[in-house]
Amino acid sequence: MIVDGRRLWIDSHIHVRGWSEDGQGPRDFSVDDIMRVMDADAARLVWITSYSFPGIRAINADPAKGVPWANEGQLGLVQEAPAGRIFGSIAVHPAALNESLVAIELYAGEHGFVQVGEVLGYSMGFELDSQAMVKIARKAGEFGVPVQCHVSTAGQQDGEQMRQTISLARMAPEAQIIAAHAIGGRNSYTHITAAQVYFEMGGRNLWLEIRDFNTREWVRAAVERLGAERLIAGTDWIARGQPPFPPYGILFPHESADENPYPCTVASLEGFLRESGCSEQDISRIAAENSIALFGLEGRVPAAL
Ligand SMILES: [Zn+2]
């Protein structure tokens with residue numbers, strides 16, 4: 001999709017703090033610092049943001065307090081951003097089930113947040129397919145927002161998180177489930193195979209994020225075996241430290257453009273898709289169309305040609 005001559009590129013996996021760097025005070029940078037990163041690219045960027053460190057520590061230490069705290073921080077950020085550019089993602093934790101269900105009602109129902117996540121079972125020490133998680137996923141399904149589940153790219157053995165993610169999708173068929181950064185790390189083939197089997201068995205409610213677009217052989221396998229309509233862009237960009245923040249398109253977990261193996265631009269990522277054998281239609285789907293449908297962004301992002 002091209003809007004005013006610019007590629008529309010929606011990234012569902014962006015971490016931006018809604019509080020100060022130490023987690024104690026109000027945010028110590030402005031939305032302008034974020035918009036500067038977004039507007040530096042030639043593409044028309046739209047971001048779906050979720051909490052970042054030290055939110056993980058705060059939520060884990062006291063989920064019942066940490067969940068509302070993290071969501072309030074995100075709301076401030078989203079409300080200050082220009083319309084149609086930044087959308088919120090809802091923090092949840094199964095150990096604070098009630099607070100999580102209330103958060104989904106409030107933030108999806110009243111504040112227009114478009115996703116639940118990132119659900120970090122691995123680093124927060126819970127299973128993604130517990131009964132509490134099924135309740136969270138069903139509530140998200142009720143409000144039409146997908147649940148973004150962290151699946152380890154390499155840090156955990158053999159795709160166990162993908163098993164839990166697909167198990168959650170199977171147990172809550174009315175929910176839409178996203179396997180975060182499923183494509184890019186060394187577990188990519190395992191993730192693709194697991195998703196393929198789920199689809200072949202009739203599963204319909206699963207989408208996979210591409211994090212590392214330069215891993216062309218994995219992107220190619222994902223497109224060929226799953227179809228471009230199952231893939232979305234989620235690079236795991238993180239606003240680290242104080243501004244100026246790293247450019248968009250940087251490869252996780254790099255922090256500076258100097259160490260990135262290619263220019264940090266959407267044009268690079270788009271080029272990798274092309275080199276992976278994607279058609280223009282595939283690129284348009286992965287960059288924007290799938291996300292517009294999945295996150296209900298029709299009419300909320302600039303109209304596309
Ligand atoms: Zn993440």
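The structure is a predicted model, in which local features need pLDDT of at least 70 and side-chain atom pairs count only at pLDDT 80 or more, while totals for chains, interfaces and linings use all residues. Residues are numbered from 1 along each chain as its sequence is written.

Histidine 15 has its place in strand S2 (residues 6-15); strands (E, at least two residues) and helices (H or I, at least four) are DSSP runs numbered from the N terminus. Leaving aside neighbours within four places in sequence, histidine 15 is in contact with Thr49, Ser50, Tyr51, Ser52, Ile238 and Ala239, contact being C-beta atoms, placed from the backbone, that lie within 7 Å. Arginine 240 is 225 residues away from histidine 15 in sequence, yet the two are 8.9 Å apart in space, C-alpha to C-alpha.

The largest nonpolar core has 93 residues, and those with the most contacts inside it are Val147, Cys149 and Ala179; such a core is a set of buried Ala, Val, Leu, Ile, Met, Phe, Trp, Tyr and Cys residues joined through C-beta atoms within 7 Å. Strand S7 (residues 177-183) supplies the largest share of this core, six residues. Beyond four places in sequence, valine 147 is in contact with residues including Val116, Val119, Ile136, Ala140, Ile177 and Ile178.

Helix packing comes next. The axes of helix H7 (residues 160-171) and helix H8 (residues 188-200) come within 10 Å and cross at roughly 20°, where axes are lines fitted to C-alpha atoms over the stretch in contact and angles run from 0 to 180 degrees between N-to-C directions. H7 and H8 are therefore roughly parallel to each other, the term for angles under 35 degrees. Met162, Arg163, Ile166 and Ala169 in H7 meet Thr190, His191, Ala194 and Tyr198 in H8, and the residues of this contact divide into five nonpolar, two polar and one charged.

H8 also packs with helix H9 (residues 216-226), their axes coming within 10 Å and crossing at roughly 5°, which makes H8 roughly parallel to H9. Here Ser188, Tyr189, Ile192, Ala195, Gln196 and Phe199 in H8 meet Trp218, Ala221, Ala222, Arg225 and Leu226 in H9.

Conventions: Angles under 35 degrees count as roughly parallel, over 145 as roughly antiparallel, 65 to 115 as roughly perpendicular and the rest as oblique. Two residues are in contact if their C-beta atoms, placed from the backbone, lie within 7 Å. Ala, Val, Leu, Ile, Met, Phe, Trp, Tyr, Cys and Pro count as nonpolar, Asp, Glu, Lys and Arg as charged, and the others, Gly among them, as polar. A residue is buried if 20 or more other C-beta atoms lie within 10 Å of its own, exposed if 12 or fewer, and partly exposed in between; C-beta atoms are placed from the backbone.
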